[in-house]
Amino acid sequence: MKLKINNKYFKWGLTAFFVIAASICFYYLIFHISELIQNIKSLLGIVMPVVFGLVIAYLLTPILNFIEKKILNPLFDVLKVSQSLKRKRMIRAIGIIMTSLLMILLIYGLISMLISQIVPSIQNIVSNFDTYVDNLSNWLNNLLEDNQDLKNFVLPQVNKLSLELESWLTDTATLLEKSSEVLKTVSVNVLSFLRVAWNFIIGFIISIYVLASKETFSAQSKKIAYAVFENNIANSILSSFRFVHRTFIGFISGKVLDSFIIGVLCFVGTSLMNTPYAVLVSVIVGVTNVIPFFGPYLGAIPSAFLILIADLNHPVNCLYFVIFILFLQQLDGNLIGPKILGETTGLSGFWVIFSITVFGGMFGVIGMIVGVPIFAVFFACIKGLVHRSLNRKNLPLTSTVYQNLSSVDENGEFHAIEEESDLPDAEKEKKSESTIARFFRSRKEKKEKESDKK
């Protein structure tokens, strides 16, 4: 007997199967959520090198494209190498080697700076920590000398903390217990670092293969999209992916370049002012500047405190640093940032703060960095749906048109909001009516007018 797909019993059975399968999945999701999360984490741990590779390849693609278009292709044209598949492969191989070397040199430069400049600064802070604490205590004594009430409150708290610290250091059992906890924490962190380093190395190797065949992967993805979806839907999907790519790569690359410039300018300014730990402070300011809006404050506050405790005899240096950072951030926010980033995200200040707060709360520092472009994509999707609906109704798309809008009649004409004082008494009474009452009253008046015309 031949099975008929259009048979109603077959459709009922298929529907029942999907309902039962969905019920089982829902039951498992509710009562075995911990196992599901654990399985997802295990799966992510397995595919993490591939994720690293895709991310590295995505970030290196603009550099590879620049090297191929601006350096290698003109060079091969000068050498009069004819266009062929062999030439493309040679350009791609040389471009990948140059891009990889550039990335390795960048990582080596950062590590060298950490070892040669930042590490000695941190060691100096640790070795002089007792001096900084004494300076801070003396500074607090001098500051609170004229305010006995505040002094009587602060000094006992400081003494209490010092006694607790002394008791903690003299208690052998506690010290051994804390030492084992510290050793355990250090061991876990070392293992985590080695795991991340291994995933990064494997991901870097995978990224080379991805870069070598990126056009093939792109063509295969497009072919699958047009095979699965209708042409108009596939076109929309590809257009959406292009927008996501422009948003992400424009924001991330622009923000990294902007933060590098801010870090260099901060180093120049702090060096001219003879600020303590100029390199360390500049690195902190430059790295935290990657985080939009909140980044400058996250970097400036600990840096200012570090400068203050390092040179309490001249607290005015901390004030000079704060003024310099405020000037630098104004320069970045009004000149450097807009020139580099432009209208990459298309978000207003409120939505930028909203996206950083939400994604930062959910995913930490990484969420604060990528939250803005992710929310920009969501915002653009919602904006596209709203504009599509307005186009179907033949309504304008500009938001300013709706600022003083009171209503839109059946002919599509806009009516602006009128001031209460300018309305006659009859109109004021209409304004005081509820929306439903006005609707029924207007419909009744319309029917009366139509009956009078008849």
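Analyst: Rings of Phe, Tyr and Trp pair if their centres lie within 6.5 Å. This is a predicted model, and it holds three aromatic pairs.

User: What makes Phe-17 and Phe-18 an aromatic pair that is edge-to-face?

Analyst: Their centres are 5.6 Å apart, and the limit is within 6.5 Å, so they pair. Their planes stand at 65 degrees. Over 60 counts as edge-to-face, so that label applies.

User: Why is Phe-17 called exposed?

Analyst: Its relative accessible area is 52%. Exposed means over 50%, so Phe-17 qualifies. Phe-18 also has 52%, so the cut-off of over 50% makes Phe-18 exposed too.

User: Which residues do ring pairs link into a cluster?

Analyst: Phe-354, Phe-375 and Phe-379.

User: Now the cores. What makes a set of residues a nonpolar core?

Analyst: The members are buried nonpolar residues joined through side-chain atoms within 4.5 Å. The largest such core has 17 residues. Cys-266, Val-281, Val-285, Phe-321 and Ile-325 touch the most other members.

User: Which elements give two or more residues to this core?

Analyst: They are α8 (231–272), α9 (278–288), α10 (295–310) and α11 (316–341). The largest share, six residues, comes from α11.

User: What does Val-281 touch, not counting residues up to four places away in sequence?

Analyst: Val-281 touches Pro-276, Ser-303, Leu-306, Ile-307 and Phe-321.

User: Which residues does the second, separate core include?

Analyst: That core has 10 residues, including Phe-251, Ile-291, Phe-375 and Ala-376. Phe-375 also belongs to the ring cluster with Phe-354 and Phe-379.

Terms used. Residues are numbered from 1 along each chain as its sequence is written. This is a predicted model: local features need pLDDT of at least 70, side-chain atom pairs count only at pLDDT 80 or more; totals for chains, interfaces and linings use all residues. Side-chain values use heavy atoms; hydrogens and water are left out. Rings of Phe, Tyr and Trp (its six-membered ring) pair if their centres lie within 6.5 Å; planes under 30 degrees apart count as stacked, over 60 as edge-to-face and the rest as tilted. Buried means under 20% relative accessible area, exposed over 50%, partly exposed in between (1.4 Å probe, protein chains only). Helices (H or I, at least four residues) and strands (E, at least two) are DSSP runs, numbered from the N terminus. Contact means heavy atoms within 4.5 Å.
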